[in-house]
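Please open the model in the viewer and follow the selections below in order. Each stop names what to select and then describes what is found there.

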Amino acid sequence: MSEGALTAEKARVQEPGGTGRLRLTWRLLLLGLAALIVLLSVVRALTGAVDLTSAGAVNAAVALAVPIGLAGLGGLWSERAGVVNIGLEGMMILGTWCGAWGAIHFANPWAGVVAGAIGGALGGLLHAIATVTFGVDHIISGVAITILGGGVTQFLSKITFAEMPGGGDTQSPPVPKPGTVSLPGVSDALTSLESRQWFLLSDLAGILRGLTTNVSLFTILAILLVPLTFYLLWRTAFGLRLRSCGERPVAAESLGVNVYYYKYVAVVVSGALAGLGGAFLSLVAASAYREGQTGGRGFIGLAAMIFGNWRPGGLAAGAALFGYTDALQLRRGGESVHALLLLVAILIAGVAVYQLVRQRRTRAALIAAVAAVAVFAVFALTDTIAAQFTSVAPHITTLLVLSLAAQRLRPPAADGVPYRRGQAK
């Protein structure tokens, strides 16, 4: 593709940003993050729920967010090229088994990481063959791969892990884990500061200690994949061509782009990323493969991708939100989730003000205000959250956030639209 054609195609796939929208910048993001930390500190001081900003909760939140974020990144690659991929769950399942098998077979956790990516990529390749080459409906193919992934790994477990000491039909023997790192020289100082429960300072110390202590090398790799994805898809000619296939494939073909090739690359990379998410579950989160351990995280990753408006940064925020909520319900469940209600009520009230003042959407602002009042009422009228409800808190939070974010979503224009070579003629 010539430079002039590339410029023209860039103009074609430029994502509209309306005049009434708030343009996100690094300064605005940092200000938002600072405001969120202050708000967490206020809620922690008012409720006494120390786990809101504790190092343990933050460390657990990051670990719980990684597989969801990797699945969401996989969905981002695929859907930016125009292929809907709800088979991410099946590709994650393949990654969990392949990751454990590779780590055990080669006695090296990083071999398991590579094997997990390959297992997921094979699932992605199958999805690409079905949808891109043969034109199978994307949803049907994704559902079939999810079912196939569960069946294949169940069969493979019976013929491999069941024969190993410590293994069985539904689980593998213990697997070697990737190493962890800590920022030297700061843990003791941060621990002392966190224990004092000072406003804001102790909260910052807890958050920093959670982010810098006993962090898996696999986690660092996963985090680096977020800016790498942004760079490849939004700052290179390769990424421009790939995204053009998800926006206007006919126009891209007319400019010399091999649409089939880019769709194949995107879906295979999508599967590899989902496979990495599955490998994280078996190598880091559980130290073994267990049947059903993905727990629907592939679908939650898709929800995080939608929340992030098909953008890497927003996707990472969605994954972090779910991971943080999940971490809180695992630590002092009822007390932490009850305090979280106050935080959610304040945030929804902020959304209501934004909708009314900035967007001038009275109806949307009214709905958000009613939701904020309802959540605050639950917080004010209760002292804790029953154990039966804390386990579903992450899912409820995800649904709530998605419903509030739905008004600004803008998926790729040709996402899920059938494409056959030669349509441009």
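Begin by selecting S202, which sits in helix α8, the segment spanning residues 201-212. The model is a predicted one. S202 counts as buried because its relative accessibility is 2%, below the 20% limit for that class.

The side chain of S202 reaches the backbone nitrogen of W198 at 2.6 Å.

Now turn to the surface and select V114, I118, L122, L125, I129, F134, V136 and I140. These residues form a nonpolar patch with about 730 Å² of accessible area together. Which helix supplies the largest share of the nonpolar patch? Helix α5, residues 109-133, contributes five residues to it.

Within helix α5, centre the view on L122. Is L122 buried or exposed? L122 counts as exposed, because its relative accessibility of 55% is over the 50% limit.

Finally, select the cysteines C98 and C245. C98 is buried, with a relative accessible area of 17%, and C245 is likewise buried, at 0% relative accessibility. A disulfide is a covalent bond between the sulfur atoms of two cysteines. With a cut-off of 2.5 Å between cysteine sulfur atoms, the count of disulfides in the model comes to zero.

Technical notes. Residues are numbered from 1 along each chain as its sequence is written. This is a predicted model: local features need pLDDT of at least 70, side-chain atom pairs count only at pLDDT 80 or more; totals for chains, interfaces and linings use all residues. Side-chain values use heavy atoms; hydrogens and water are left out. Helices (H or I, at least four residues) and strands (E, at least two) are DSSP runs, numbered from the N terminus. Buried means under 20% relative accessible area, exposed over 50%, partly exposed in between (1.4 Å probe, protein chains only). A polar contact is a pair of N or O atoms within 3.5 Å; within protein, one must be able to donate a hydrogen and the other to accept it, and residues adjacent in sequence count only if both atoms are side-chain atoms. Patches are made of residues with over 30% relative accessible area and no salt bridge: like charges are joined within 9 Å, nonpolar side chains (Val, Leu, Ile, Met, Phe, Trp, Tyr) within 5 Å. Accessible areas come from the Shrake-Rupley method with a 1.4 Å probe; for residues, only the protein chains shown count as cover. A salt bridge is a side-chain nitrogen of Lys or Arg within 4 Å of a carboxyl oxygen of Asp or Glu.
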